Structure formats: structure tokens, C-alpha cells
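Please open the model in your viewer and keep the selection tool at hand.

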Amino acid sequence: MTLAVRYTAARTLDTAPAPSTPPGPGEVELAPAYVGICGTDLHIFHGDMDARVSTPAVLGHEMSGRIVRVGPGVEGWQPGDAVTVMPLRWDDTCPACRSGHQHVCQHLDFIGIDSPGAMQQRWTVPASTLIRLPDSLPLDLAALVEPTAVAVHDVGRAQVAQSEKVVVVGGGPVGILIALVARAAGADVRVVELSAHRRLLAEELGLTAWSPGDDDVPALVRQWTGDAGADVAFEVSGAAGGVDTAVEVLGVRGRLCLVAIHPRPREVNLHRFFWRELTLVGARLYDRSDFEKAVALVADGTIPADRLISKVVPLTQAPAAFEALEAGGDVMKILVDCTDETDDAQGDAV
């Protein structure tokens with residue numbers, strides 16, 4: 001038996017023993033090292049996803065760790081390999097999969113939501129989900145590869161190009177990562193964020209950040225762009241006001257990339273879309289190439305992952321960490337240390 005963080009009911013988490021499942025054909029058993037808590041995990045914690053999540057549910061999908069055992073038929077992997085997981089299992093038969101869009105499979109199993117996740121000391125997953133990590137990349141920093149892959153996919157969906165003017169509305173972890181990835185693509189970026197702490201972090205990372213409460217953001221964008229408006233806006237706030245700002249700052253034929261999960265329908269200024277010939281694109285999840293690029297960006301320091309990690313807590317303190325994130329304040333990204341100090345995560349093939 002190993003320990004796992006489990007969601008049992010709205011606003012209720014526990015740390016309890018969980019069975020360790022030996023890897024079957026095509027599977028590997030992992031020893032998760034670090035698991036990040038993300039916004040989707042908070043949605044689950046609040047009870048917003050009870051129609052989808054079966055309790056008790058082991059959470060977590062932003063992770064790094066090492067292989068403990070490999071199952072029959074698994075090739076190219078061995079115990080001790082450092083990995084992260086692209087937490088997607090698709091059916092390969094639905095129309096989306098047949099069109100080559102497996103990451104938005106119509107029957108997608110998002111591991112960590114629809115099936116048990118990484119916030120446990122042992123975790124068995126399909127070998128097909130593994131992404132190799134370089135030995136030089138510390139495992140705590142590698143836990144930010146998954147959200148970085150989200151940002152890589154978002155920037156790709158928006159087709160951000162060299163020298164374009166980009167506005168990121170929402171300066172949480174994913175918003176900051178989008179800003180950093182867009183900057184690495186050669187864009188000129190501005191971040192709009194209410195939290196003074198998050199604005200300060202953005203500025204320390206070399207980004208320019210504005211407060212929607214104190215600044216007339218559309219006016220600042222007009223001044224910045226010579227009255228042309230931004231080429232791309234990312235809506236990452238999840239708020240109605242964020243949608244309004246993202247639409248308002250766009251110039252003619254600008255692109256709005258919707259990243260945040262909005263729990264309810266929002267009013268959108270469709271006249272603005274008509275008048276300026278705007279484009280709206282959705283961005284959900286990622287594919288393997290996004291993950292591989294994310295690994296490279298974290299490994300070479302383009303993504304300063306260490307600056308985004310607010311604290312690391314042991315697995316037994318994960319429930320309290322959820323409450324700390326919910327309270328906001330000066331917290332950006334919290335990692336859960338799942339390390340089992342009684343075991344060095346070196347195992348055998350089975």
C-alpha cells in the first residue's frame with residue numbers, strides 16, 4: 001500500500017493508503033516525485049466537477065518522477081528513467097481521433113480527472129503517455145513541464161509570430177507561462193493581472209504588467225501599438241471582465257485565444273468581432289510535440305520554473321495546500337512532494 005491524496009466530496013481531501021497496481025502489458029509503474037496543483041484540481045476540490053469525477057479520486061496531472069517497474073512488452077524504458085506524463089488516453093476510433101486530433105478525443109480519459117492521478121507514491125500508467133526528461137533537469141522544475149506544454153499549445157493555436165503585439169489577460173501560472181512562451185517566439189507581450197504580487201513577479205521576469213483595476217488597459221494598448229490594437233489576446237482569467245478586455249484590446253483581424261475554463265456562458269461583444277474581423281480560437285490541452293518543446297524550454301531556462309514555484313509541501317500536507325491556493329495571496333504554484341523516502345525508486349522489469 002502507498003499513500004495518496006484523494007478527493008472524497010466538495011472541499012474534502014484526505015491522505016489515505018491506496019493500492020499499488022503492478023504494471024500490466026504496455027504499462028509502467030512510476031514513483032511520482034513532485035506534483036503541481038493546478039486550477040482544474042481546484043475546480044474538482046470545489047465540487048464543480050462532481051458529475052465527471054468518481055470518488056474517491058486521486059488527483060494530480062502536473063508531475064515528474066521515475067520509473068519503478070516496466071510491464072510486459074514495454075520497450076525503450078527502464079527503471080530509474082526520469083519522466084513526466086502526458087495524461088491523455090484516447091480511443092483512436094471517434095471522429096476527432098480519426099481526424100488526427102486525439103488530444104480532444106470525444107471519449108477522452110484525462111488521467112488525474114477521469115481516472116486516478118499522480119498525487120500518490122506509486123502510479124501505474126500506459127507507457128505511451130511517458131515523456132522522457134533529461135538527466136540534467138531537476139525533478140521539481142520538471143513538474144512544470146505539463147503547464148508549459150499547455151502554454152506552448154496555446155501560443156501555437158494563436159499562431160503568434162515574430163514582433164506581434166500580444167496581451168495576456170490573467171497573470172496566474174498559465175498566463176505567465178503563455179507570456180514567456182510568446183516572448184520566446186519573438187512577440188512583444190503585456191500581461192494584465194489584478195494581483196499586485198503576480199504583477200511584481202511578471203515584472204521580475206522581464207514582462208510588462210498592467211492592473212485592470214488601476215489602468216485603462218485598452219487606452220494603454222492603443223498607446224503601445226500606435227492605435228492599431230493588439231495582434232493577439234489570450235483570455236486566461238476566467239472572468240467576464242477578462243473576456244471584455246481581451247476583445248476590446250484587439251486590432252483589425254486580431255486573434256482571441258480562449259484558454260480559461262468559463263463555468264457559465266459569457267456575453268461577448270460580437271459587434272466588435274464583426275467590425276474588426278476578429279477571430280476566436282479555443283485551446284485545449286496539448287499533443288506530444290507540445291510536451292517535447294516544453295521539456296526543452298524548461299530545461300534550457302527559457303521558462304524560469306524555479307521562480308514560479310511558491311512552495312513545496314509533503315504529500316500529507318496537500319489538503320492544506322489546496323486551501324492556501326484557494327485563498328490566493330502571494331501563492332503562485334505549489335508542488336506536492338510525493339517522494340517515498342523508504343524507497344529509492346529503482347525497480348525491476350516485470
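What follows is a tour of selections, each with a note on what is there.

The model is predicted, so that local features need pLDDT of at least 70 and side-chain atom pairs count only at pLDDT 80 or more, while totals for chains, interfaces and linings use all residues. Residues are numbered from 1 along each chain as its sequence is written, and side-chain values use heavy atoms, without hydrogens and water.

Begin by selecting Leu30, Met119, Leu130, Val160, Val168, Phe234 and Tyr286, which touch the most other members of the largest nonpolar core, a set of 103 residues. Such a core consists of buried Ala, Val, Leu, Ile, Met, Phe, Trp, Tyr and Cys residues joined through side-chain atoms within 4.5 Å, where buried means under 20% relative accessible area, exposed over 50% and partly exposed in between (1.4 Å probe, protein chains only). Another core, of 17 residues, lies apart from it and includes Val167, Trp210, Val221 and Leu278.

Next, select Phe274 and Trp275, an aromatic pair that is tilted, at 6.0 Å centre to centre with 55° between the planes. Rings of Phe, Tyr and Trp (its six-membered ring) pair if their centres lie within 6.5 Å, and planes under 30 degrees apart count as stacked, over 60 as edge-to-face and the rest as tilted. Phe274 is exposed, at 59% relative accessible area, and Trp275 is exposed too, at 62%.

Then move to Tyr286 and Phe291, whose ring centres are 4.9 Å apart with planes at 90°, so this pair is edge-to-face. Tyr286 is buried, with a relative accessible area of 0%, and Phe291 is likewise buried, at 0%.
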